[in-house]
Amino acid sequence: MFVTCVRVALVPSFLMFGAVALRAEEWREPYPEAPQPERYYSEPAYAEPAYAEPAYAEPRYAPAEPQRYVEPAAPAAAPVAVRRKPTAPLSAEFIALANEAPLSGNLAKSDKPDPQVVKLQVLLDRVHVSPGAIDGRSGGNLNKAISALQSMHSLPASGRLGPDIWDILQAASERPVLMDYTISDKDVAGPFVPVMPKDYAEMAALPKLAYRDPAELLAEKFHMDENFLRNLNPDADFSQAGTIITVTDVGSNARARVAHLVADASTRQLLGYNENWDVVVAYPATIGSADLPSPSGIHAVKAVAENPEYWYRPKVNFQQGNNDKPLKLASGPNNPVGTVWIGLDKPTYGIHGSPEPSKIDKTNSHGCLRLTNWDAQELVKLVKVGVDVEFVDQTPTASVAPAKPTPAQAPYEAASNYGGYQEMPPPPR
């Protein structure tokens with residue numbers, strides 16, 4: 001009986017040893033180091049012929065290698081300058097007129113950049129009321145900025161330009177609105193992605209969703225529309241450090257802490273209030289869409305992140321093209337959420353930047369609240385986790401509870417000539 005037990009015990013042992021050996025062989029298989037000694041000692045006879053042939057192979061290989069190396073080494077910045085020429089160059093006289101424009105009167109109607117509009121946009125930006133991308137053109141974003149400035153100073157938020165606006169901006173006009181800037185080595189260092197794909201699967205293959213070229217970087221740095229930057233500097237080589245260009249002087253970022261945020265889909269604007277419900281910052285915004293509306297009611301900031309990665313989840317949010325699988329997109333200014341993510345307590349919703357600042361308030365978003373990258377970069381320094389965000393809108397919403405109607409209040413007069421935009425919302429209760 002003892003012999004039988006030994007036999008029974010030995011059989012599993014041999015089987016276990018064979019299984020362990022098999023697993024060990026499988027474990028070594030992915031690593032080239034494990035089988036290396038066996039090949040070295042089993043094939044010494046082939047080492048000599050293998051060494052005899054490089055004399056013939058090397059002449060054919062050596063000339064081909066430089067060709068494969070030279071082609072990808074061509075700088076990407078060169079074709080960019082040729083590809084994006086200025087469409088309507090502006091003269092030195094335009095720069096002088098913008099700096100010397102009077103702080104009075106109404107704006108002339110024109111479909112071209114106007115020096116006085118440039119001055120107004122820059123001064124509004126200096127007092128932390130964003131006009132969006134500075135381009136020298138009148139429009140809805142400029143009207144909203146004027147309205148926000150009036151609200152900031154307890155004036156009727158009509159959105160109309162008048163002496164009161166010029167008087168307020170007088171304090172911010174101590175220096176010219178356009179200035180010289182010398183392009184630095186850092187501005188042109190890159191990395192750059194000259195051709196940014198639109199398809200998320202192609203974007204996911206890139207290590208960085210960086211700027212396309214130095215001109216795009218410089219335009220965002222100075223809160224400018226890229227075409228306007230190029231038109232101001234028609235002969236500039238933006239890829240060359242040391243080049244002197246003309247840019248806007250928008251001043252420093254706001255420092256006042258934001259305790260409350262109000263997002264109004266009807267006016268397409270985000271307002272930041274301090275603890276006393278005084279407006280301290282204002283930004284034009286793209287807020288949701290009919291298909292993917294923004295939330296309604298009051299929410300709170302749950303998390304903030306700078307230079308975030310973007311996780312594309314078609315089963316949770318939306319599907320782009322034929323991309324039906326989750327994708328991870330690298331960080332960068334051309335990331336779908338730009339350079340900032342301010343997440344809300346409502347899952348998948350947040351406030352974020354944009355790779356296309358000139359389209360803010362001109363296109364829809366996937367339910368979130370989209371700002372220019374530079375406005376989002378300012379805001380993320382002013383808010384903290386727990387700040388309340390109220391969505392006030394007149395569109396279908398994603399929340400279960402409908403948005404509360406906001407009663408009209410006497411201090412806010414109706415805008416009869418406001419370019420289609422409504423009055424500023426009163427502070428939420």
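**Local geometry and packing in a predicted chain**

Asn307 is located in the loop that connects strand S7 (297–306) with strand S8 (310–312); strands (E, at least two residues) and helices (H or I, at least four) are DSSP runs numbered from the N terminus. The model is predicted, with local features requiring pLDDT of at least 70 and side-chain atom pairs counting only at pLDDT 80 or more, while totals for chains, interfaces and linings use all residues. Residues are numbered from 1 along each chain as its sequence is written, and side-chain values use heavy atoms, with hydrogens and water left out.

Although Asn307 is not a glycine, its phi is positive, at about 50°. Its relative accessibility is 46%, and Asn307 therefore counts as partly exposed (buried means under 20% relative accessible area, exposed over 50%, and partly exposed in between, with a 1.4 Å probe and protein chains only). A positive phi, of about 60°, is also found at His223, again not a glycine. His223 lies in the loop between helix H12 (214–221) and helix H13 (226–232) and, at 9% relative accessibility, is buried.

The chain comprises 14 helices and 13 strands, and 45% of its 429 residues are buried. Of the contacts (heavy atoms within 4.5 Å) with a separation of 6 or more, 64% involve residues 24 or more positions apart.

Helix H6 (residues 92–100) packs against helix H7 (residues 115–126) at an angle of about 50°, with the axes 8 Å apart. Axes are lines fitted to C-alpha atoms, for helices over the stretch in contact, and angles run from 0 to 180 degrees between N-to-C directions. The two helices H6 and H7 are therefore oblique to each other, a class left after angles under 35 degrees (roughly parallel), over 145 (roughly antiparallel) and 65 to 115 (roughly perpendicular). On the H6 side, Phe94, Leu97, Ala98, Asn99 and Glu100 meet Pro115, Val118 and Lys119 of H7.

His260, in strand S3 (residues 260–264), is buried at 15% relative accessibility. Its side chain forms a polar contact with the side chain of Asp388 at 2.8 Å (a pair of N or O atoms within 3.5 Å; within protein, one must be able to donate a hydrogen and the other to accept it, and residues adjacent in sequence count only if both atoms are side-chain atoms). Lys144, in helix H8 (residues 140–152), is buried at 1% relative accessibility, and its side chain reaches the backbone oxygen of Thr267 at 3.4 Å.
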